[in-house]
Amino acid sequence: SSNKQIEKNHALGRRRPESTAQTLEFHKLELVDLPRAPALDADHWICALGSTIKKAGPEENFKKVDLDAVVEFAKLAERSGAKSLHVVSAVSANKDSPVF
């Protein structure tokens with residue numbers, strides 16, 4: 001088995017995450033900027049975007065974060081030549097749920 005070390009971690013977001021990792025490279029980015037974001041040299045992507053109806057407001061705003069932005073993140077990963085993409089979702093997420 002191969003034991004590769006992580007050379008660099010990229011974090012995209014509005015606020016820098018609390019991290020002491022020397023390999024972290026932070027990219028300040030608003031959700032609306034995702035479609036125009038430049039490709040990144042990264043093989044493996046993890047998307048943990050999400051909000052709540054309470055924070056996002058109307059269902060239309062909630063959808064912009066929990067669906068539209070996640071799709072744009074995936075497109076950025078694809079443009080960047082990602083080898084894998086993992087999406088973190090809500091516990092028990094279900095398309096048939098009565099909760100939006």
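Two aromatic rings of Phe, Tyr or Trp (its six-membered ring) count as a pair here if their centres lie within 6.5 Å. By this rule, the model, which is a predicted one, has one aromatic pair. Here is a friendly tour of that pair, the nonpolar core and some of the salt bridges.

**Aromatic pair**
- The ring centres of tryptophan 45 and phenylalanine 73 are 5.4 Å apart and the planes stand at 75°, so the pair is edge-to-face.
- Because tryptophan 45 sits in strand β3 and phenylalanine 73 in helix α2, the pair ties together parts that are 28 residues apart in sequence.
- Tryptophan 45 and phenylalanine 73 are both buried.

**Nonpolar core**
- The largest nonpolar core has twelve residues, including Leu29, Leu34, Trp45, Val70 and Phe73.
- At least two residues of this core come from each of β3 (44-47) and α2 (59-79), and α2 gives the largest share, five residues.
- Beyond its neighbours within four places in sequence, leucine 34 is in contact with Leu29, Leu49, Ala69, Glu72, Phe73, Leu76 and Arg79.

**Salt bridges**
- The count comes to six salt bridges.
- Among them, glutamate 25 and lysine 8 meet at 3.3 Å, N to O; glutamate 25 lies in strand β2 and lysine 8 in the segment before β1, 17 residues apart.
- Another joins lysine 83 and aspartate 43 at 3.9 Å, N to O; lysine 83 is in the loop between α2 and β4 and aspartate 43 in the loop between β2 and β3, so this pair ties together parts 40 residues apart in sequence.
- Lysine 83 is exposed, at 62% relative accessible area, while aspartate 43 is partly exposed, at 36%.

Methods:
Residues numbered from 1 in each chain as written. Predicted model: local features only at pLDDT ≥ 70, side-chain atom pairs only at ≥ 80, totals over all residues. Heavy atoms only, no water. Core = buried A, V, L, I, M, F, W, Y, C linked by side-chain atoms within 4.5 Å. Buried < 20%, exposed > 50% of the residue type's maximum accessible area, 1.4 Å probe, protein only. Helix = DSSP H or I, 4+ residues; strand = E, 2+ residues; numbered from the N terminus. Contact = heavy atoms within 4.5 Å. Phe/Tyr/Trp six-rings, centres within 6.5 Å; stacked < 30°, edge-to-face > 60°. Salt bridge = Lys/Arg side-chain N within 4 Å of Asp/Glu carboxyl O.
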